[in-house]
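Have the sequence and the 3D view open side by side for this one.

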Amino acid sequence: MTFKLGLVLALAAAPALAQQSPYAEYQRMALENAPVELFELGGEELWKKRQGPKNASLERCDLGQGPGVLKGAYAGLPRHFADTDRVMDLEARLLHCMTTLQGRSRQEATKRVFGNADRPSEMEYLSAYVARQSNGMKIAPGRTHPKEQEAYDLGRKLFFHRAGAWDFSCASCHGEEGKRIRMSDLPVLSNPQFARPLMATWPAYRVSTSSFVTLQWRMNDCYRQMRMPEPTFGSDTTIALIAYMMATAAGEPYRGPAIKR
Amino acid sequence: MRHSLPLCFAAMLAACAAPATIGERPEVTTGDLDRITAVLKRDFHERGQAKMDRIELDAVQRLCNLHSDNPPEALAKPLEQAQFKAIPFPEGNLIGDWKRGERVAQSGRGSMWSDKPGVQDGGSCYNCHQLSPREPAHGTLGPSLAGFGKLRGTSAEMQKYAYGRIYNSKAYNVCSQMPRLGHAGTLNEQQIKDLVGLLLDPASPVNQ
Amino acid sequence: MSQQRRQFLQRTGILAAGIVAGLCKPLLALAATWNKDAFGAKTVADALKGLGAMGAVPSTAIVIEAPQIAENGAVVPVEVTSNLPGTTSMAVLVEKNPFPLAGKFDFREGALPYAKLNVKMGETADLRVIAWAGGKTFVATKEVKVTIGGCGG
Amino acid sequence: MAAGPMRMRATQGAGFTDVRVLMTHPMETGQRKDADGKIVPLHFIQNVTVKLNGKVVVEAETSQAVSRNPVFSFRIKGGAKGDKIEVSWLDNKGESTSIESAVA
């Protein structure tokens, strides 16, 4: 009975939550009018394009739901893959498929993982295309395999680990409720209430740079601004952090790719 | 209103649905810290001015990580004193040019791998603090500093406090979230003096 | 994503858009006109002069939908509708931009006086929308606040 | 995306057809500097034309103040399933692209 009352109140609160940010109206309108589909189209082309020494497409790439299965794949990542015995996020897995299916070298395939407005990267296009196919599906990264648990634990510790020239951890900015940098709200990513809506909208079109951005980019750019050295693309550190944040957002229906400031 | 009643219900519900461990800062041991540092050394590489020595934890970072930013007084005090002793306070008047200080406060650059090596004009102050009331786009991670000098005056003591706090905030509160801007080499003596000017000069917009 | 947009995407999922991305330069070049005087104007007054809309009368029949506060000035969504009978054209101006005129839309028989677009705004300013109807010009304005976010690095 | 795809969706609404079109274009203002500090020349779409079954219904003139990768929506009176809609753009360098699809 009391639980029911709580549920009703929580549901009633949903619109109030959406109204919380002064930018809610902006974000709604900007999302409706965002050029996200252009990136999804570009990604579809790349997914089907034959390239590399093996002149193969990525259409047989196994993103965790079986070879070539895109539906729900993004919402189920990161997860453990038996063939590599490693927990991988979308981008690490795409890289794996580029090297195995297409026969490309890791060096060549990671030469330009983060693009810009003039020339988006393959990873960005592909992330847009793959993520779209999880639309409406609940975020459910792997949590059962021992290595998945290990990644989650590492990610959680890394989130609070202070280091670097400015003594920052992720929690320095994303640890306290109701704070902002300049006018940007800072979601507390260790709290499901805030992690859920945020993680459900990555990857995204970033309006300030007119470019499409991925979670690997987000980890990289946060560490840049934390005044740390650079995390290697697809490294265990970045995947562990993504695994931790996706697990914190578990259960939320995925609704990206969306937009960011 | 962030703490409205319905919001609290939603938060409670969300908390119920998640494992109890989520959201809490995990306890870490010195062994954990060594393991994390080893992982970071393996997974990171130097770029530009951001060299790998930044991965290594100093005494302050180690203590704060071990005690979730809340170390016992007996351990915190000596470390604060050591940090304070290492601040090279300049002689004489510390109130610089508030106009230059405002530029330093506005800029978010400096010490990143994407920045030119050497000192940039960036203190990132507005990212976290309110300063001049003329700048509405200020962060809220740190306390508001509007009216800082008006409330506190411009005594030599206050100048020294403001200078020291910017140079090394950990000398006053060992697990402060504020970067050690002088200690880290992000700002030089003149820039910190200019920021002291921005905070204390009666003509500064901060004190209008 | 809004319910509306989701439905929109589902409905349109069946539509296989036949993309005819080709070059039809000569044909378009002949047809195209571009009001150099109005678009090259650096002030709102000059732009209005270039458009021939100096004496526009304020009207509540022009509806401007835009966010009150924009998180980023690089993309500010604007939706304009004219409820004035016989509307033939609308123009969108951003008051403090280096070149205020952002766009002018001519609606022929078969089109509704409606347009949605994203504009750049350098700073907090008024959006000014002009409508041409029955040989007269009308105007409405709406302020959009543009803010600074992020670490600035 | 200097050059890239264009996308259009024409869907029936309440008494009108909603035409949503996405364009890949840098929309350079002529004021932005590239990584080397050089000014990126002015490059923007000047004209957008919407045709219904071959007849022009909307003619737009645009400036560099339109955001990068422009997205426009227009509304056409009535419009039946299968009606042909064509949208084309022309920029200040004389480049142009068009897209055609049927109302869904």
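## Starting at a histidine

In this predicted model, the side chains of A:His80 and A:Asp85 are joined by a polar contact of 2.7 Å. A:His80 sits in strand β1 of chain A, which covers residues 79-81. Is A:His80 buried or exposed? With a relative accessible area of 12%, A:His80 is buried, because the cut-off for that label is under 20%. Leaving aside residues up to four places away in sequence, A:His80 touches A:Asp85, A:Arg86, A:Val87, A:His145, A:Lys147 and A:Glu148.

Move along to A:Ala82 and you're in the loop between β1 and β2 (86-88) of chain A. A:Ala82 counts as exposed, at 70% relative accessibility.

## A three-stranded sheet in chain A

Elsewhere in chain A, three strands make an open sheet with mixed pairing, in the order β6-β5-β8. Which strands stand at the edges? They are β6 (211-213) and β8 (258-260) of chain A; each has a single partner strand, so one side of each is left without a neighbour in the sheet. Ignoring direction, neighbouring strands here are turned by 40° against each other on average.

Strand β5 of chain A, residues 204-206, runs parallel to β8(A), and three bridges join the two. One to look up is A:Tyr205, whose bridge partner in β8(A) is A:Ile259.

As a reminder, most residues other than glycine have a negative phi, and most peptide bonds are trans. The peptide bond from A:Leu77 to A:Pro78 is cis, with omega near -5°, and A:Pro78 belongs to the loop between α3 (36-48) and β1 of chain A. The bond from A:Gly256 to A:Pro257 is cis too, again with omega near -5°. You'll find A:Pro257 in the loop between α11 and β8 of chain A.

Then there are the serines. A:Ser210 isn't a glycine, yet it has a positive phi of about 50°. A:Ser210 lies in the loop between β5 and β6 of chain A and counts as buried at 10% relative accessibility. Over in chain B, B:Ser111 has a positive phi of about 70°, also without being a glycine. B:Ser111 is in the loop between α5 (98-106) and α6 (125-128) of chain B, and its relative accessible area of 5% makes it buried.

## Chain B: helices and a caveat

Chain B has nine helices and one strand, arranged along the sequence as α-α-β-α-α-α-α-α-α-α. It has 208 residues, 48% of which count as buried. Take the contacts in chain B between residues at least 6 apart in sequence: 60% of them join residues at least 24 apart.

How does the confidence look? Chain B averages a pLDDT of 90, and 89% of the residues score at least 70. Over residues 1-20 of chain B, though, the pLDDT is below 50, and this stretch has 20 contacts in the model beyond near neighbours in sequence. Where pLDDT is low, the predicted coordinates should not be read in detail.

## Two faces of a strand in chain C

Strand β2 of chain C (residues 62-65) shows its two sides clearly. Which residues are on the covered face, and which on the uncovered one? C:Ile62 and C:Ile64 are on the covered face, while C:Val63 and C:Glu65 are on the uncovered one. In a regular strand the side chains alternate between the two faces of the sheet.

β2(C) pairs with strand β4 of chain C (residues 76-82) in the antiparallel sense, over four bridges. In that pairing, C:Glu65 stands opposite C:Glu79 of β4(C).

In soluble globular proteins, nonpolar side chains tend to be buried together. Here the largest nonpolar core has 166 residues, and A:Trp47, D:Ile85 and D:Val87 have the most contacts inside it. Helix α11 of chain A (residues 236-248) gives the most to this core, with nine residues. There's also a second, separate core of 15 residues, with C:Ala38, C:Phe39, C:Val44 and C:Leu51 among them.

To see what surrounds D:Ile85, skip residues up to four places away in sequence; its contacts then include D:Met8, D:Val19, D:Leu52, D:Ile76 and D:Val103. D:Ile85 also touches D:Thr17, D:Lys51, D:Glu100 and D:Ser101.

Technical notes: Residues numbered from 1 in each chain as written. Chains lettered and ligands numbered in written order. Predicted model: local features only at pLDDT ≥ 70, side-chain atom pairs only at ≥ 80, totals over all residues. Heavy atoms only, no water. pLDDT = per-residue confidence, 0-100. Contact = heavy atoms within 4.5 Å. Core = buried A, V, L, I, M, F, W, Y, C linked by side-chain atoms within 4.5 Å. Buried < 20%, exposed > 50% of the residue type's maximum accessible area, 1.4 Å probe, protein only. Pairing = 2+ DSSP bridges. Axes fitted to C-alpha atoms, helices over the stretch in contact; angles between N-to-C directions. Polar contact = N/O pair within 3.5 Å; in protein donor to acceptor, adjacent residues only side chain to side chain.
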